[in-house]
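This report looks at one strand and its surroundings. The sequence and structure come before the details.

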Amino acid sequence: MSSRGYNKRIEIYETTTVVDGFGGNTVSTTLLATTWAKISTFNVGRNGNATDYGLLDINDTLIIKTRKRNDITYNSQTQFIKYRGDKYIITTSPININFEDREVQFIVKLASNTTLNG
């Protein structure tokens, strides 16, 4: 694992439901961490068939590798990534590469409302 490969900054956010005090709920977004990542585009020849990952369209799809952190439990249900001001939805479960507990990889897809404000 070369540290030079991790040259992009990503932000990991978590979405939770919070009681609004009026009998309903609101959605709250919390920044979990800002971390270095290795980002590459999804390549069908190198990464296999897109349908193996549940992807019908690979446009705006990225593969993100990052160091495994003990303070974050990665998941694809409530977390998303922000990279260069764009929101990316985690589409696959995070994979512990080679079961060495050093790197985590997941595939993300650009969200439909691309730019976030803040």
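## An enclosed strand

Strand 4 (residues 79–83) has five of its five residues buried, so the rest of the structure largely encloses it. Buried means under 20% relative accessible area (1.4 Å probe, protein chains only). Strands are DSSP runs of E, at least two residues, numbered from the N terminus. Cover comes on both faces: Gln79, Ile81 and Tyr83 are buried on one side, Phe80 and Lys82 on the other. In a regular strand, side chains alternate between the two faces of the sheet.

This is a predicted model: local features need pLDDT of at least 70, side-chain atom pairs count only at pLDDT 80 or more, and totals for chains, interfaces and linings use all residues. Residues are numbered from 1 along each chain as its sequence is written, and side-chain values use heavy atoms, leaving out hydrogens and water.

## Strand partners

Two strands pair if DSSP finds at least two bridges between them. Strand 1 (residues 8–19) pairs antiparallel with strand 4 over four bridges. Here Tyr13 stands opposite Phe80.

Strand 5 (residues 86–90) also runs antiparallel to strand 4, joined by four bridges. Asp86 is the bridge partner of Tyr83. Two residues lie between the strands of this hairpin, where Arg84 takes a positive phi near 55 degrees.

## Ile81 and the core

The largest nonpolar core has 16 residues; Ile10, Ile39, Ile64, Ile81, Phe106 and Val108 touch the most other members. Such a core is a set of buried Ala, Val, Leu, Ile, Met, Phe, Trp, Tyr and Cys residues joined through side-chain atoms within 4.5 Å.

Not counting residues up to four places away in sequence, Ile81 touches residues including Ile10, Ile64, Tyr88, Phe106 and Val108. Contact means heavy atoms within 4.5 Å.

Key
Buried < 20%, exposed > 50% of the residue type's maximum accessible area, 1.4 Å probe, protein only.
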